[in-house]
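Dear colleague,

Please find the structure below, handed over for your records.

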Amino acid sequence: MPETNYNMDMAFFVDMQRCIGCHACEMACAECETNGQESMIHVNYVDRAVSVQTTVQVCMHCENPACANVCPADAIHQDDFGVVHSANTPRCIGCSNCVLACPFGVPKKMEEAELMMKCNMCYDRTSAGKKPMCATVCPSQALYYGTHEEIARMRPNSTPVNSFKFGNQEVKTKVYVMMPKGTKQLIVG
Amino acid sequence: MATKNTVSDPQDMPNWKSDFPIQQKKATHVSRREFAKFLALFSGTLALANGVIVIRSLLFPAKPLEGEHYVCQETDVAVGQMFQFKIEGAETIPYILVHLEENEWRAFEQKCTHLTCAVRYRDDLKKIECPCHHGFFSADTGEVLQGPPPRPLPQLQVVIKEGKVYVKEESA
């Protein structure tokens, strides 16, 4: 493993309620040439007809990533820091297995490139000790990259949660979602 | 229903999964045992293949060319030119006919003795060149002048009869 300055004390915190739908994260992400000028973060409208509420979806970097487990081409790997990397381009066959498997709907298939592309937590930046681009531009701190102490001080009424339950499947992630204080697990469906 | 999301017990892990781990560290790790196995198999195969080549050449030595073979008309190849031809037999071997000077003809096997690239006659240098590794042979005798070829080019004797060019095995 090559030497990096990846800071394991830092974590990614997503607070959906703070998202104001400004798309700054998408714009910032799309400025990066390693993504091919495509945004790897997606802003979703919850129910646009009746609400202005938006949510933001960044790769959750699962501890046991479904995308990597279903990849038939061994193109998706998880590194020592728990970052699940985007598909290895020479290996990716564009089968979309990962797109279907991801419980968070993160990987997207870029039809023009016949490749899956997803967030790699700005590995070029985080491995150099910097923060992911989306977290640095978010004006409402819906996306926050920092230490657990910082987030506990800033959001005393919220708890970071990284455990999800999709039916019978339990998913633990590297990225935290801010939930009301006392929440242990997010049960989805 | 108990869900087996994480395969913690290595016994439960199917082969395809342990062969293609999703962890970068495991995927790029080569164990000493694997490396030794690869090394033994690879060098073993090489040694075996070398042995097979030696045995084959001892059991089935190359047969000398029998009789004279017609190549072309004398007028077809100008001085300083080369002519490619093949002699069909148990194995088809490509040759080159070189018209060095007036009434000076040479015929060589076209396969370089180094790695069997096709050699060609360079009239500007008056040498036979193998372009792959810049090996040079004498256009007169086929001797190696320069480069990696280990042996001279096998030569055939050229016979001219009534304006027609024939080749035959060199008489000792």
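This is a predicted model: local features need pLDDT of at least 70, side-chain atom pairs count only at pLDDT 80 or more; totals for chains, interfaces and linings use all residues.

Residues are numbered from 1 along each chain as its sequence is written, chains are lettered from A and ligands numbered from 1 in the order in which they are written, and side-chain values use heavy atoms, with hydrogens and water left out.

Salt bridges within chain A

A:R91 forms a salt bridge with A:D74, their closest N and O atoms being 3.3 Å apart; the term denotes a side-chain nitrogen of Lys or Arg within 4 Å of a carboxyl oxygen of Asp or Glu. Both residues lie in the loop between α2 (66-70) and α3 (97-101) of chain A, 17 residues apart. Helices (H or I, at least four residues) and strands (E, at least two) are DSSP runs, numbered from the N terminus. A:D74 counts as buried, at 12% relative accessibility.

Over all chains, the count comes to twelve salt bridges. Another of them joins A:D15 and A:R155, at 3.3 Å from N to O. A:D15 lies in the loop between β1 (10-14) and α1 (24-30) of chain A, and A:R155 in the loop between α6 (148-154) and β7 (158-166), so the pair ties together parts that are 140 residues apart in sequence. A:D15 is buried, with a relative accessible area of 7%, and A:R155 is buried as well, at 5%.

Salt bridges within chain B

In chain B, B:K161 and B:E68 form a salt bridge whose closest N and O atoms are 2.7 Å apart. B:K161 belongs to strand β9 (residues 155-161) and B:E68 to the loop between α3 (32-59) and β1 (69-73), and the pair links parts of the chain 93 residues apart. B:K161 is partly exposed at 39% relative accessibility, and B:E68 is partly exposed at 34%.

The interface

The contact (heavy atoms within 4.5 Å) takes 13 residues from chain B and 15 residues from chain A. The area buried between the two chains is about 1200 Å², of which carbon and sulfur atoms give 47%; buried area is the accessible area (1.4 Å probe) that two parts lose on being put together, summed over both. One salt bridge is counted between chain B and chain A: B:K25 pairs with A:D80, the closest N and O atoms being 3.9 Å apart. On the side of chain B that touches chain A, α1 (15-19) and α2 (24-28) of chain B each supply at least two residues, and α2(B) gives the most, with three residues.

A loop residue in chain A

A:T183 is located in the loop between β8 (169-180) and β9 (186-188) of chain A and counts as partly exposed, at 23% relative accessibility. Leaving aside residues up to four places away in sequence, A:T183 touches A:T159 and A:V161. The C-alpha atoms of A:T183 and A:S158, 25 residues apart along the chain, are separated by 8.5 Å.

Yours sincerely

Key. Buried means under 20% relative accessible area, exposed over 50%, partly exposed in between (1.4 Å probe, protein chains only).
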